Amino acid sequence: MPGIKAVSFNGRRLTKGAETWTVRAEDLRTGRRLALGDYLQTTERVEPGRPLLTRKLRWSARWRDLGPDLSILENALATPGPWRFTPWRQIPVAYRGNGDRKEFYLPRGWCLADIVEPTPHPSAVLDELGHHVVIGGEVVPLVIKEPGEYDSGEPEPGEAWVRGEDPGREGEQVFKLGIAPVAGLDFVARVTPSHWVYRAPSADDRELTGPSVEPLGLELWEG
């Protein structure tokens with residue numbers, strides 16, 4: 001995946017974000033080696049229109065590296081959450097066509113970053129906002145449409161629309177294609193999303209014998 005260009009937290013741009021945060025993706029699939037050496041992988045059953053793989057993302061940073069952003073984060077982390085967290089970078093999400101379905105779902109809780117983040121967007125991330133679908137080798141831009149227009153209209157062949165509304169923490173943002181992908185065809189949507197996150201459980205250890213030492217790290221889990 002492309003690197004993180006910038007980071008926003010609850011609508012605030014973090015000055016130390018891009019070079020500070022690391023990300024891990026946890027796939028909800030299992031695997032085991034069989035007696036004859038074959039590898040067996042098990043994934044959850046995917047409903048039509050939903051991503052082929054379910055992944056939950058985690059981001060971590062060391063407190064000492066956050067510097068001037070500490071007050072922004074500490075003020076937010078004093079509440080239970082969740083919080084909006086936007087590491088500005090494109091993420092690919094794969095789908096499979098069935099020859100009939102035109103509408104598909106982004107992962108639960110995701111929303112296109114430029115819909116929920118205030119403008120102006122960081123100059124370093126403008127190239128990351130080219131949301132698009134790669135289908136059969138063709139790149140089709142995802143055009144943001146107002147909810148009413150999205151719901152009542154249909155994209156032309158070779159077009160793709162995404163519903164321009166924040167679905168909320170429990171909702172799913174949708175997009176639709178002008179032509180239904182053929183059955184069995186895998187395709188990829190590349191989007192720059194904003195996520196809902198919680199703080200991972202951790203010990204809040206501090207040294208009191210000298211200058212205060214913050215916990216070693218902060219970890220945020222996608223909700």
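Leaving aside its neighbours within four places in sequence, with which residues is Trp21 in contact?

## Basis of the model

This is a predicted model, in which local features need pLDDT of at least 70 and side-chain atom pairs count only at pLDDT 80 or more, while totals for chains, interfaces and linings use all residues. Residues are numbered from 1 along each chain as its sequence is written, and side-chain values use heavy atoms, with hydrogens and water left out.

## Overall organisation

The protein has four helices and 17 strands. These are DSSP runs numbered from the N terminus: helices are H or I runs of at least four residues, and strands are E runs of at least two. Of the 223 residues, 39% are buried; buried means under 20% relative accessible area, exposed over 50%, and partly exposed in between, with a 1.4 Å probe and protein chains only.

Contact means heavy atoms within 4.5 Å. Among contacts between residues at least 6 apart in sequence, 71% join residues at least 24 apart.

## The nonpolar core

A nonpolar core is a set of buried Ala, Val, Leu, Ile, Met, Phe, Trp, Tyr and Cys residues joined through side-chain atoms within 4.5 Å. In the largest nonpolar core, which has 37 residues, Trp21 and Phe175 touch the most other members. Helix H2 (residues 70–77) supplies the largest share of this core, four residues. Another core, of five residues, lies apart from it and includes Ala6, Trp88, Ala113 and Leu129.

Leaving aside neighbours within four places in sequence, Trp21 is in contact with Ile4, Val7, Leu14, Trp59, Ser60, Ala61, Leu66, Phe85, Leu218 and Leu220.

Arg84 is placed in strand S7 (residues 83–87). Why does Arg84 count as buried? Arg84 counts as buried because its relative accessibility is 9%. The side chain of Arg84 makes a polar contact with the side chain of Asp166 at 2.7 Å. A polar contact is a pair of N or O atoms within 3.5 Å; within protein, one must be able to donate a hydrogen and the other to accept it, and residues adjacent in sequence count only if both atoms are side-chain atoms.

Lys16 is found in the loop between strand S2 (12–14) and strand S3 (22–27). With a relative accessible area of 29%, Lys16 is partly exposed. Not counting residues up to four places away in sequence, Lys16 touches Asp65, Leu66, Pro68 and Asp69. The C-alpha atoms of Lys16 and Gly67 are separated by 7.2 Å, although these residues are 51 residues apart along the chain.
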